[in-house]
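This report goes through the fold from the whole chain down to single residues. Please keep the sequence and the model at hand while reading.

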Amino acid sequence: MGLFQDIEVMGHERVLVCSNPKVGLKAIIAVHSTTLGPGLGGVRMWPYASFDEAVRDVLRLSRGMTYKAAAAGLNLGGGKAVIIGDPKKDKSEALFRCFGQYVESLNGLYITAEDVGIDVQDCELILTETRWVTGVSEAHGGSGDPSPVTAYGVLQGMKAAAKRKWSGDLDGKCVAIQGLGSVGLWLARYLADEGAKVFGCDIDADSIAEARDEYGVEIVPPEEIYDVDCDIFAPCALGAILNDDTIPRLKCSVVAGAANNQLDNGERHGEELRTRGILYAPDFVINAGGLINVYNELTGNYNRERALLMTRSIYLNLMRVFEIAERDEISTADAADRVAEERITTISQLGTQQWGRLIQRDKLHAHTGMQ
């Protein structure tokens with residue numbers, strides 16, 4: 001009964017288990033909240049060790065999307081999906097089209113997008129079966145890869161943290177990036193342009209080579225990234241990496257990165273970072289750039305410059321979180337939760353949902369030719 005207890009405690013509206021043995025599909029879609037809008041969040045493909053591990057991940061990720069959209073001021077709710085499988089070996093047209101059919105069955109309650117292990121081409125296969133997908137290529141009327149915008153938002157968050165911590169900028173600062181995937185590589189590029197010294201780690205040889213050769217990243221083994229003496233530690237891989245074992249190893253003044261659910265225990269580890277004097281940029285606030293990007297795709301004719309302009313608001317959103325945390329003597333993680341929850345509560349008291357008008361369904365129909 002653990003699954004049902006988790007759903008009740010975390011407040012999810014719907015959890016859909018998706019299975020088709022003929023195409024190898026094993027997936028879970030979780031919709032946490034539609035108070036502010038449809039539950040939007042990417043689909044992640046990962047070789048989870050067990051079904052329970054996949055469930056825990058999708059429940060946490062979908063709840064995080066609710067808070068991310070709320071804190072960013074977007075008219076979206078929270079949803080997420082995971083596909084159990086190896087993205088390097090298990091992808092197929094049939095698998096993604098079958099997943100798209102499950103998404104379509106929810107009739108807009110959940111809108112999917114890219115996440116770890118999923119690229120634009122995968123999303124376009126999903127698009128053949130459902131209108132409810134974002135992050136497709138510009139040729140299909142979409143916004144393409146959201147990674148540059150996500151990384152740009154993290155950069156704005158780092159600038160806010162630098163201003164708060166040192167009353168300065170990122171020039172000359174040392175940043176350790178954990179994970180040099182699509183977002184991590186873009187972040188390394190932006191940081192190099194800002195004059196920062198960048199360390200990084202990854203398990204993919206191609207990503208390591210690009211980071212080192214193109215952006216001057218000094219590569220360290222993955223198991224040593226927590227021990228790098230740096231100003232900013234930037235988690236840009238999987239979640240729950242800030243825990244009882246890793247936090248004592250940190251040699252930084254700021255934690256600011258793109259990964260979701262960075263704190264293994266949000267309340268306890270957020271407070272531990274605060275007591276250690278480490279300024280934490282809450283993940284769902286700093287990494288909202290990708291969500292802002294696809295939101296622009298949904299609400300009108302997509303324009304990358306407009307998306308980047310909206311993403312700059314992450315700087316001010318984090319400054320607000322930092323100020324609340326200092327004023328109320330609480331962790332920044334608790335302060336960010338408070339900002340998101342207050343907005344959700346306020347809107348829910350209106351007693352109506354008008355968010356459907358904000359989504360350009362005609363545009364989404366045009367993507368697929370559906371009528």
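What share of the contacts in the protein chain with a separation of 6 or more comes from residues 24 or more positions apart? Such residues account for 67% of those contacts, where contact means heavy atoms within 4.5 Å. The model is a predicted one, in which local features need pLDDT of at least 70 and side-chain atom pairs count only at pLDDT 80 or more, while totals for chains, interfaces and linings use all residues. Residues are numbered from 1 along each chain as its sequence is written, and side-chain values use heavy atoms, with hydrogens and water left out.

## Overall form

The protein chain has 14 helices and twelve strands; these elements are DSSP runs numbered from the N terminus, with helices taken as H or I of at least four residues and strands as E of at least two. For 371 residues, a compact globule would have a radius of gyration near 21 Å, and the value of 20 Å for the protein chain agrees with this; the radius is taken over C-alpha atoms, and the globule rule is 2.2 Å times the number of residues to the power 0.38. Taken along the principal axes, the box filled by the C-alpha atoms is roughly 55 × 50 × 45 Å. Of the 371 residues, 56% count as buried, a class that means under 20% relative accessible area, with exposed meaning over 50% and partly exposed lying in between (1.4 Å probe, protein chains only). The accessible surface comes to about 15600 Å², of which 47% belongs to carbon and sulfur atoms; the areas come from the Shrake-Rupley method with a 1.4 Å probe, and for residues only the protein chains shown count as cover.

## Strands and sheets

Strands of a sheet pair through backbone hydrogen bonds, either parallel or antiparallel. Here, two strands are taken to pair if DSSP finds at least two bridges between them. An open sheet of six strands with parallel pairing runs in the order β9-β8-β7-β10-β11-β12. Because β9 (218–219) and β12 (279–280) stand at the edges with a single partner strand each, one side of each is left without a neighbour in the sheet. Strand β8 (residues 197–201) pairs with β9 in the parallel sense over two bridges, and F199 stands opposite E218 in β9.

The bridge partner of V15 in β2 is A30. Four residues lie between the strands of this hairpin, where G24 takes a positive phi near 80°.

| Helix | Length | Span, first to last C-alpha | Expected span |
|---|---|---|---|
| α2 (51–72) | 22 residues | 31 Å | 32 Å |
| α5 (147–166) | 20 residues | 28 Å | 28 Å |

In α2, 16 of the 22 residues are buried, so this helix is largely enclosed by the rest of the structure. Helix α5 is mostly covered as well, with 15 of its 20 residues buried. Just after α2, G73 takes a positive phi of about 80°, and just after α5, S167 takes a positive phi of about 55°.

## Loop residues with positive phi

Most residues other than glycine have a negative phi, and most peptide bonds are trans. N261 is not a glycine, yet has a positive phi of about 50°; its place is in the loop between β11 (254–255) and α8 (266–275). N261 is buried, with a relative accessible area of 17%, and, leaving aside residues up to four places away in sequence, N261 touches R60, L61, G239, A240 and D283.

E329, also not a glycine, has a positive phi of about 55° and is placed in the loop between α12 (313–328) and α13 (332–348). At 63% relative accessibility, E329 counts as exposed.

## Cysteines

C18 counts as buried at 1% relative accessibility, and C174 counts as buried at 12%.

Methods:
Expected span 1.5 Å × (residues − 1).
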